[in-house]
Amino acid sequence: MVSRPNHFQLFDKQSQKQDVFLVNFTSPEGKRLFRGAMIQGQAESFFKLVGNFSSQSSLTQGGVSSLAMVLNALEIDPKRIWKGNWRWFSSEQMTTCSSAESVGEQGIPFDEFTCLAQHYCRVEPYRVQGYQDFLSHLESVTSNTTNQIVVHYSRSALGQPDHVAQFSPIGGYNKNEDQVLIMDVARGKYPSVWVKTKDLYHAMMVKSREEAGRSRGYFILSNKDEKSTRAAVKLKCKDCTRQCHSK
């Protein structure tokens with residue numbers, strides 16, 4: 001059996017300009033970072049997520065798997081039966097705007113995640129701009145159980161050799177040590193890891209070829225009420241087949 005190192009060094013094979021250090025969540029160092037996040041009150045989002053953890057069924061299903069996991073963590077009623085009498089979100093229930101062939105090749109883009117998520121919950125999309133804004137959102141979301149945050153980032157920028165950009169929820173934030181916990185939904189291939197916030201921020205800034213060179217980013221999701229539903233700006237993504245409106 002091949003053992004995975006607890007604290008491993010990865011780098012972007014294309015640029016090799018700087019090293020990126022990822023810390024396995026289950027390693028002694030990963031546990032220490034988690035204890036620190038708990039003491040700081042920045043791991044509240046973790047417990048709702050871990051009780052509803054969903055692993056993506058293929059390399060391109062990170063978006064729908066992350067969304068299903070977060071919707072269950074937010075205890076949102078899917079208003080439909082999953083199996084037996086259970087009402088539960090699963091990636092198989094998610095009807096994407098893109099064709100199955102397109103999703104199978106490259107996953108869903110940033111705007112389509114927003115379009116799909118707003119069908120079930122309140123979603124605030126942020127294409128990365130200010131680093132301090134990102135840190136502020138991390139601190140706010142990880143300190144409560146009413147919101148969740150999903151990041152959309154380049155794996156290769158973190159030294160993980162996959163061409164498909166990834167979506168994954170954030171489970172904690174160790175502010176004192178500038179580390180954030182990515183709860184990777186590609187569980188069969190990658191572990192959940194701690195990464196420097198600046199490295200994750202740079203991984204979100206990588207331009208997306210599928211979206212005309214725009215950067216990626218993150219999403220803050222919460223349970224919607226009537227007031228927030230009326231006030232929300234509905235985004236319609238390209239080739240959208242849903243009854244949502246662009247303003």
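Which residues does Leu 67 touch, not counting residues up to four places away in sequence?

1. In this predicted model, Leu 67 touches Met 94, Phe 113, Leu 116, Ala 117 and Leu 221, with residues up to four places away in sequence left out of the list.

2. Leu 67 belongs to the largest nonpolar core, which has 36 residues. The members that touch the most other members are Leu 67, Leu 71, Met 94, Phe 113, Trp 194, Phe 219 and Leu 221. At least two residues of this core come from each of helix 1, helix 2, helix 3, helix 5 and strand 10 (217–222). Helix 3 gives the most, with seven residues. Another core, of 25 residues, lies apart from this one; among its residues are Leu 135, Ile 149, Tyr 153 and Tyr 201. As background, nonpolar side chains in soluble globular proteins tend to be buried together.

3. Turning to charged pairs, the count of salt bridges comes to eight. Side chains of opposite charge can pair when their charged atoms come close. Three of these pairs are taken up below.

4. Arg 32 and Glu 29 form a salt bridge, at 2.9 Å from N to O. Both residues lie in helix 1 (residues 28–39), three residues apart, which is about one turn of the helix. Arg 32 is partly exposed, at a relative accessible area of 32%, and Glu 29 is also partly exposed, at 30%. A network of salt bridges links Glu 29, Arg 32 and Glu 177.

5. Glu 75 pairs with Lys 48 in a salt bridge whose closest N and O atoms are 2.8 Å apart. Glu 75 counts as exposed, with 57% relative accessibility, while Lys 48 is partly exposed, with 25%.

6. A salt bridge also joins the side chains of Asp 111 and Arg 214, at 3.4 Å from N to O. Because Asp 111 is in helix 5 (residues 110–117) and Arg 214 is in strand 9 (residues 214–215), the pair ties together parts that are 103 residues apart in sequence. Buried or exposed: which describes Asp 111? Asp 111 counts as buried, since its relative accessibility is 18% and the cut-off for buried is under 20%. Arg 214, at 39% relative accessibility, counts as partly exposed.

Methods
Residues are numbered from 1 along each chain as its sequence is written. This is a predicted model: local features need pLDDT of at least 70, side-chain atom pairs count only at pLDDT 80 or more; totals for chains, interfaces and linings use all residues. Side-chain values use heavy atoms; hydrogens and water are left out. A salt bridge is a side-chain nitrogen of Lys or Arg within 4 Å of a carboxyl oxygen of Asp or Glu. Helices (H or I, at least four residues) and strands (E, at least two) are DSSP runs, numbered from the N terminus. Buried means under 20% relative accessible area, exposed over 50%, partly exposed in between (1.4 Å probe, protein chains only). A nonpolar core is a set of buried Ala, Val, Leu, Ile, Met, Phe, Trp, Tyr and Cys residues joined through side-chain atoms within 4.5 Å. Contact means heavy atoms within 4.5 Å.
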